[in-house]
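The structure comes before the description.

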Amino acid sequence: MQQKEKELETTDFYLAQYYTFRSLCSYYLYLEPNPHLAQTYLEKAIALKSEIAWFYPINIAKFLDLLYADILFFNCQIDQSYAIYHTVFSQPLEKEMYGYYYHCEQFVLVDILKENYKAAESALQTYFDDPIKQKLDIYATRGAMSYAKLYLSTGQLKEAIHSINLAREINETASYHPFEFQIKMLELFYFFLKGDFEFAEHLCTRNIKTILANPETKRHKNYLSFYRICLYFINCILKGKNIG
């Protein structure tokens with residue numbers, strides 16, 4: 001593959017180069033996780049933006065900036081991601097942008113991580129209140145989950161459980177499987193922060209059993225590790241033991 005890459009880079013087939021780099025970025029994100037290589041290939045794709053802009057009906061440079069902010073976020077480079085998101089969102093983001101609501105969600109989450117709660121709430125109201133009001137399937141679910149994350153982060157537990165239940169209700173119609181995992185995690189956070197450790201323990205145990213019963217368990221190993229760690233913390237609290 002490296003030889004083919006080198007051959008392609010000596011040509012002016014810029015779109016072919018771009019899609020090759022984007023494909024390799026996705027490969028190293030999802031199939032054979034290697035965050036460093038994923039970021040490297042995205043940077044190669046970004047270097048071609050002036051050569052491929054003619055092909056797209058959107059601002060491809062802005063789109064690639066959003067992808068780069070996202071991969072920085074994925075790699076826990078929060079400050080760098082934050083800077084790019086705020087530069088891009090300093091002007092209204094076109095609704096025609098590929099993955100519009102996903103990028104809006106990530107923008108909100110970066111603000112939450114930076115503890116810019118007022119800014120996060122303002123962005124949520126701007127980008128997600130209408131989809132939530134209209135219950136627009138996965139867009140509304142994204143918004144409701146983001147509200148829940150904001151409320152959990154600020155200790156507004158009553159508002160958090162309302163948003164979690166709303167996300168679950170909307171997702172029952174949308175049936176988007178990855179969101180089911182997120183909703184279950186948010187529910188666990190809620191009961192943990194509420195101090196209901198017995199029920200939090202029950203949720204951990206139930207979710208572990210559900211994942212282990214799934215023939216695609218390997219794909220969800222991160223969730224499995226997460227619940228096992230949470231179960232350990234909860235057991236330490238219930239038994240009055242120090243966390244190792």
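Which helices each supply at least two residues of the lining of the largest pocket? The model is predicted, with local features needing pLDDT of at least 70, side-chain atom pairs counting only at pLDDT 80 or more, and totals for chains, interfaces and linings using all residues. Residues are numbered from 1 along each chain as its sequence is written, and side-chain values use heavy atoms, without hydrogens and water.

Each of these helices (DSSP runs of H or I, at least four residues, numbered from the N terminus) supplies at least two lining residues:

| Helix | Residues |
|---|---|
| Helix 2 | 14–31 |
| Helix 7 | 100–113 |
| Helix 9 | 137–154 |
| Helix 11 | 177–194 |
| Helix 13 | 221–239 |

Helix 5 also belongs to this group. Helix 11 gives the largest share of the lining, ten residues.

The largest pocket holds about 2,300 Å³ of space. Of the 50 residues lining the pocket, Tyr30, Phe74, Tyr102, Gln182 and Tyr223 are the closest to its centre. A pocket here is an open set of points on a 1 Å grid where a 1.4 Å probe fits, with protein on both sides within 12 Å along at least five of seven lines; lining residues have an atom within 4 Å of a point.

Helix 5 (residues 60–74) also pairs with helix 3 (residues 35–46): their axes, lines fitted to C-alpha atoms over the stretch in contact, come within 10 Å and cross at roughly 165°. The two helices are therefore roughly antiparallel, a term for angles over 145 degrees.

How values were computed:
Axes are lines fitted to C-alpha atoms, for helices over the stretch in contact, and angles run from 0 to 180 degrees between N-to-C directions. Angles under 35 degrees count as roughly parallel, over 145 as roughly antiparallel, 65 to 115 as roughly perpendicular and the rest as oblique. Grid points are joined across faces, edges and corners, and a volume is the space filled by probe spheres set on the points.
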